[in-house]
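Please look through the sequence and the model shown here before reading the notes that follow.

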Protein chains: 2
Amino acid sequence: MTSPTLFDPVDTEVPKKKKSKRVSVAEESPATEPSADPKGESKADAKESKQENSKARDISVAEFFEKNRHMLGFDSPSKAILMSVKEAVDNSLDACEEASILPDIRVELSAVNDKHFLVAVEDNGPGIVDTQVGKIFGKLLYGSKFHKLSQSRGQQGIGISAAGMYGKLTTGKPVKVISKTRRGRPVETVLSIDSLRNRPEIHSQNEVEWEGRKHGTRVEIEMEATYKKGARSVDMYLKQTAIANPHLTLTYVDPSGNAVTYERNTKEKPPVTVDIKPHPHGVELGRLITMLKETPAKSLSGFLQEEFCRVGPTLAKRIIATAGNGLTDKSYPTRTAKEQAGELHRAIQETKISSPPSDCIAPIGEELLLKGLKKELAADFYVTSTRPPAVYRGNPFQIEVGIAYGKPGGVGLELTDSGRIQKRSKAELATEDLVANADEPARVLRFANRVPLLYQQAGCAITKSIIGTNWRSYGLSQPKGSLPIAPMAIMVHIASVWVPFTSESKEAIAAYDEIITEVKRALQEAGRKLGIYIRKGKRLRREFDKREYIEKYIPHIGIALQEILDLDDTTRDAAVETLEDVLHRSRKF
Amino acid sequence: MTSPTLFDPVDTEVPKKKKSKRVSVAEESPATEPSADPKGESKADAKESKQENSKARDISVAEFFEKNRHMLGFDSPSKAILMSVKEAVDNSLDACEEASILPDIRVELSAVNDKHFLVAVEDNGPGIVDTQVGKIFGKLLYGSKFHKLSQSRGQQGIGISAAGMYGKLTTGKPVKVISKTRRGRPVETVLSIDSLRNRPEIHSQNEVEWEGRKHGTRVEIEMEATYKKGARSVDMYLKQTAIANPHLTLTYVDPSGNAVTYERNTKEKPPVTVDIKPHPHGVELGRLITMLKETPAKSLSGFLQEEFCRVGPTLAKRIIATAGNGLTDKSYPTRTAKEQAGELHRAIQETKISSPPSDCIAPIGEELLLKGLKKELAADFYVTSTRPPAVYRGNPFQIEVGIAYGKPGGVGLELTDSGRIQKRSKAELATEDLVANADEPARVLRFANRVPLLYQQAGCAITKSIIGTNWRSYGLSQPKGSLPIAPMAIMVHIASVWVPFTSESKEAIAAYDEIITEVKRALQEAGRKLGIYIRKGKRLRREFDKREYIEKYIPHIGIALQEILDLDDTTRDAAVETLEDVLHRSRKF
C-alpha cells in the first residue's frame, strides 16, 4: 500500500550494502556533475531516501501519454500513420455533421524522406476560430465533446493532439494548421504541444492565402511512419469509412501519388442527433452525490429535472416521495448530497422511468448499409439487421449488423429461370478482399459511430459477441471459441452517445453485458436469414451433384436405346434431350 | 479537423428546422428552470452556437477516467474487486521491496450487503508519512515511479486512487487508510478523490490504535462488487502472485471467512534493482529536443553523460564529433535544441553504445520459477527458460518462460525401474486447474514484473508470441492462428524497467517487435526440451500399446503350451511369467 519512496528514512533492517544499490547515481550527484557511468555508485544513506521522497510528484497527462503512446495507438510507425489519418478524418466528419455540411474530405500522404511521412487532411468544415486552434491541436484532454452525451466520432479530446505529439516526438517538427471560417480570412497556425506542461506552444499564427475552400481546415503533420497496404492500412480504413458514411465524398492521394475518390452514395446527411442528459437509472451513487454538489439548481425537484433526461415535475415529485426521509421538492441539493443521497439513489432505481430518447442516435440504416456493402464487398448474398435502441450504464446505443456471404468463385451456384443449376463463370465476379475465403474465419468489420475499428479485434465486445453466437445452427462450421469458418464478412456497427472504448486509441469496445446481448441478437436476426440461404445453397449443391451424376449417364442411356431400338442419331439425340429435360423438370428445385 | 462547436455562427446553408434539432434543451434554458422534457425543443439561433463555443474546455484526468473507468479495469463488479486487490497488493509488494522488507501481506474480502464488498489490504511495508497519504490515494497521475526507469509493479500513479474513485462512485463511501512508519504513531486518514478537480479531499486524519504491525499500511475500500471463483478471480490472482513472488507470505480471507496462507518459498528477497537513465538509442528526436531544453546541464557533454546511461566523457566526445555542425563539448544544450538537434540525434544513432546495464532487471530465476510451478501446478513435466536481457525503445527487459506439461490422469504413463510401462493411478494425482485438459488450448499464465495478468489475454504480446510459435514441431497439435491444444500451462514473465501495457488497467503487453521476438525465442528454447519429452512419451505410448497386445496373448500361449506339453498349472504360470519377462527385457525402452 505504501509508495516506495515515502517511507521513514531510518530503516535498521536494511543492510548497508543492499541499500547502496537502491539509489541510482544521478540522485546523489549534483545535477551538473557528469557521473552517469553506471559503475559510479556510492553508498546511500538516510538523507537520500528523504531526497527520493521529493520525487513523488504530479505526472502531466501529456507526458503520461507520450511515454505510453501505444495506449493512444502510436506503437508502431505503420499504425501511427493510420491513427493520424483516422483522428483527423473523424474530426472533419464530426465538424461537418455538426455544421450540417455535406463532407468533402481530402487525405494526402507523401514521403518526406525514407522514414518520415507528411499526413495532410483537409475538409470543407466550418473552420476553427484562431484563438481555439492551439488548444484543439496542442493540448490533451481538451474539447467540447467529452462533457456532453451525443453521438460523435471524437469524444475524448485526445486524438488529434496526440497525433501532433507523436509527430513532434519522432521528427521534432510542429503541426501546421490552416483554417478558414465562413467570414474570416484563412489563418495558418504553426504549433506544437509542450508535453511536460500539456499546453500548446504557438510558433506562429499568420493570415495566408488558401485556394479552393470557402471554409474548412487543413492539418499537416510530419511523422516517423511506414506506409503499408493490407487489412489495417490507411487504404482499408478509408474504404470502410466510405461504407459507413455514404454521404461522404473522400479523395485519397497515396504516397505514390495515386488518387482515388469515393463519391458519396447519397446527398442525405445522417439524421441530426440531439445531445441528451444522463438517464437517471444509469447514474451511480457517487456520481449522484457529485452532481448534487455541483448543480446550479436550488431545489431537489429542479435538480432532477435539469440534470437528467426523462424527468418532468410529476416524476420528480414521485421520486422524492419514494425517497422519503424528510426530502421534499424544495430540499437543497447540496444538503441532500451529504445526508440523503443513498435514499434518493434507491428511490431513482425503484421508480419506473421511460427509456432514454432515441433521437440522440443515428444508425446508418438498413438501406444505406446494404447499398454500401454491395458497393464495396462482392458477395453472393447480403443481409442486414438493425436493433431498436438499448441502454448500457444509462447511455443509449444501437446495433446494426450486415453480413455479406459467398465468396465469388467459391460457392457460386445459380438456379436459372428454366430450373437449371449452373456454375457462375469467374468473369462475372469482381475480385474482393473484404470477404474471407471459404476455409478462413469470417472477416469482421467493426464500426463505432461510423468509424472503422481496425486494431484489437480479439479484445473487442463485437468479436466476443460473434464468437459467442452459435453459427452452426445457421449451417456454418465454427470451431469452439472461434469465429465461424465461412466465405463471409460480418459488419457490426455500434452507434452511441458514449462508446465505451477499451483504450484511448479507440480500437475496441468494452465488453458490457448489454452491448454483447444486443450484438448477439442482431447477429441472430441476420443469421437466421443467412441460414435459410445457406440451407437452400446446400440443397442446391446436393441437387447439382445428383443431376451431374444422372446427366453423366443420360448419353450412355441414349446410346443403349439407339442400339436396342435401332434409332438414328437424330432420334437418339432428341431422346437424350427429352430425358435431360424431364430430369430437370421432375427434380425441379 | 474542426471542433464542431467552434464554427462561425453565421451559417446560411443550415435549414432552420434541422438546426433547431442540433441544440439540446438545457442550453437554451436558464439553468434553474425545469425544462428537461425532450420534446420541449425550440428554435436555435446563431447566439446559441456561440454559447456552445464556451463548452470546449479542459477535461480533468479524473473525470476522464471516471467516465472511462473500464480503461482502468473497472468495467464490471467482478473485475472491480480483482482490480482493487491487485493495485493494493502491487503497491504493498513494491513498498516492501524498496524498503528491503520481506513482505507479509493480508487480504480480506467481506460482504457489507448484497451488493457491496469491503476490500482490505494490509502490509508490513515501511508506512506512509501523513502528508503524502492524500495524494497517493486520492489523486490520479501522482507518484514516484513514473519519472524513473526501474522495475516496479506500479508505474503510472493511477491504480490505487482509481480503486478509491470506483468505490466512491458506486457507494459514495470514502477510502480509509491506516499507516504507521517505524518511528511514527499509527494515523488513520479518511479521504476521497474530488474527480472534477483530480485532488484529494481529506475527511479526517487522526492518530489511532493499531495492533499488530510495527510498521505498515492498511487500506479499506468499500465498493459495488461481485465475488466469483474461477480463472479471473481474486483467488487465482493471489495464487499466481504467490508463484511469481516466492519471497512473499500472503494470507487471504475470502468473503465466507475461509483463510488461506501462502507461505514464502524462500527468505531471499528479489535481487535489488537500480534505476537507470534512458539509453541513448531509445530516445526519439522530439524527446531529445525536450530533454535538451529541460536539462539543468550547462554543456552538451555534461548533458549526454547525465541524462543517459552508458555515456561517459569519451563517448560524449565521440558523439559530439560525429554530429559536427559546429557542436562542441561546451555547446549550450538549449541552443542545440533549436538548431542542431537533428544532427545530434543522428550522431547518437550512428554511434555504437553498449547495451543498457541489466542490473536494473530482476527476473524470478529458473530455480525459483521451477519451484513455484511445481508447488502450484501438478504436471508430468516441467521446463523453464530465461533469456538474456534485451531492449525495446531503449528500455531493458527480460523474458522468462516456464512450461508445465501433462495433465495428471491424462497421459500418465510411467516407465518403472524394471522396464515396465505402467499407468499411474488417479489417486497419486492432485486435482489441478491451472493446466489445461488434453483437448483444450494450453493455459497461458502471463506475468509482468511479477504481477499476474488475468484479463485481455487475446490482445497481449505474450499470447501473440505463443500463437506465433510453431508448436507442431514439438509434437503438439495447433490449429492455424491458435494456441496449441495440449494438457499444458505456459507461463511467461516479462521483467522490465518500463512495461508497455496496452491500457491503464495493465492487463496486456503492447506488441513491440523486440518483445515478441524474445518471448518466441524463450518459448522455442523451452519447446525444444518439451519436444524431446513428448516424443519420448509418444514412443512410450506406442510401446505400451504393442506390449498390451502381446501381453493379452501370452496367457493363451500358456494355455496352448499346457495342452500340447501336458504341463501342470504351476509350470504353465511359470512359463507365462518367463515369457512376459522376456518380452519386457527384449523390448526394453
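The notes below go through a sheet, some helix contacts and a few single residues.

This is a predicted model, and every value quoted for it is computed. In chain A, an open sheet of eight strands with mixed pairing has the order 7-6-5-8-3-2-9-10. Between the chains, helix 7 of chain A and helix 9 of chain B have axes that come within 3 Å, and the axes of helix 9 of chain A and helix 7 of chain B likewise come within 3 Å.

**The sheet of chain A**

- The order of the eight strands in this open sheet of chain A is 7-6-5-8-3-2-9-10, and their pairing is mixed; strand 7 (199-207) and strand 10 stand at the edges with a single partner strand each, so that one side of each is left without a neighbour in the sheet.
- On average, and with direction ignored, neighbouring strands of this sheet are turned by 15° against each other.
- Strand 2 (residues 104-111) of chain A runs parallel to strand 9 of chain A, to which five bridges join it, whereas strand 2 pairs with strand 3 (residues 116-123) of chain A in the antiparallel sense over six bridges.
- Val107(A) has a bridge partner in each of these two neighbours, namely Tyr252(A) in strand 9 of chain A and Val121(A) in strand 3 of chain A.

- Strand 9 (residues 249-253) of chain A is mostly covered, with five of its five residues buried.
- In a regular strand, side chains alternate between the two faces of the sheet. In strand 9 of chain A, Thr249(A), Thr251(A) and Val253(A) point one way while Leu250(A) and Tyr252(A) point the other way, and all are buried.
- Strand 9 of chain A is joined by four bridges to strand 10 (residues 259-262) of chain A, and these two strands run antiparallel; the bridge partner of Leu250(A) in strand 10 is Tyr262(A).
- Strand 9 and strand 10 of chain A form a hairpin with five residues between them, and Gly257(A), which is in the turn, has a positive phi of about 90°.

- Two packed helices are described by the angle between their axes and the distance between the axes.
- The axes of helix 7 (residues 159-171) of chain A and helix 9 (residues 285-294) of chain B come within 3 Å and cross at roughly 80°, which means that helix 7 of chain A is roughly perpendicular to helix 9 of chain B.
- For helix 9 (residues 285-294) of chain A and helix 7 (residues 159-171) of chain B, the axes come within 3 Å and cross at roughly 80°, which makes helix 9 of chain A roughly perpendicular to helix 7 of chain B.
- Leu285(A), Gly286(A), Arg287(A) and Thr290(A) of helix 9 of chain A make this contact with Lys168(B), Leu169(B), Thr170(B) and Thr171(B) of helix 7 of chain B; its residues divide into two nonpolar, four polar and two charged.

**The buried face of helix 14 of chain B**

- Leu369(B), Gly372(B), Leu373(B) and Glu376(B) are buried in helix 14 (residues 366-376) of chain B, and seen down the helix axis these buried residues fall within an arc of 100°, so they line one face of the helix.
- Among the elements of chain B that cover the buried residues of helix 14 are helix 8 (234-244), strand 11 (381-386) and strand 18 (488-496).

**Single residues of chain A**

- Arg310(A), in the loop between helix 10 (300-307) and helix 11 (313-323) of chain A, has a phi near 65°, a positive value in a residue other than glycine, and counts as partly exposed at 27% relative accessibility.
- Arg393(A), in the loop between strand 12 (390-392) and strand 13 (395-405) of chain A, has a positive phi near 40° although this residue is other than glycine, and counts as partly exposed at 23% relative accessibility.
- Gln562(A) has its place in helix 16 (residues 513-565) of chain A and counts as buried, because its relative accessibility is 16% and buried means under 20%.
- With its neighbours within four places in sequence left aside, Gln562(A) is in contact with Leu567(A), Asp568(A), Asp569(A) and Arg572(A).

Conventions: Residues are numbered from 1 along each chain as its sequence is written. Chains are lettered from A and ligands numbered from 1 in the order in which they are written. This is a predicted model: local features need pLDDT of at least 70, side-chain atom pairs count only at pLDDT 80 or more; totals for chains, interfaces and linings use all residues. Side-chain values use heavy atoms; hydrogens and water are left out. Axes are lines fitted to C-alpha atoms, for helices over the stretch in contact, and angles run from 0 to 180 degrees between N-to-C directions. Angles under 35 degrees count as roughly parallel, over 145 as roughly antiparallel, 65 to 115 as roughly perpendicular and the rest as oblique. Buried means under 20% relative accessible area, exposed over 50%, partly exposed in between (1.4 Å probe, protein chains only). Two strands pair if DSSP finds at least two bridges between them. The arc is that of the directions from the helix axis to the C-beta atoms. Contact means heavy atoms within 4.5 Å. Ala, Val, Leu, Ile, Met, Phe, Trp, Tyr, Cys and Pro count as nonpolar, Asp, Glu, Lys and Arg as charged, and the others, Gly among them, as polar.
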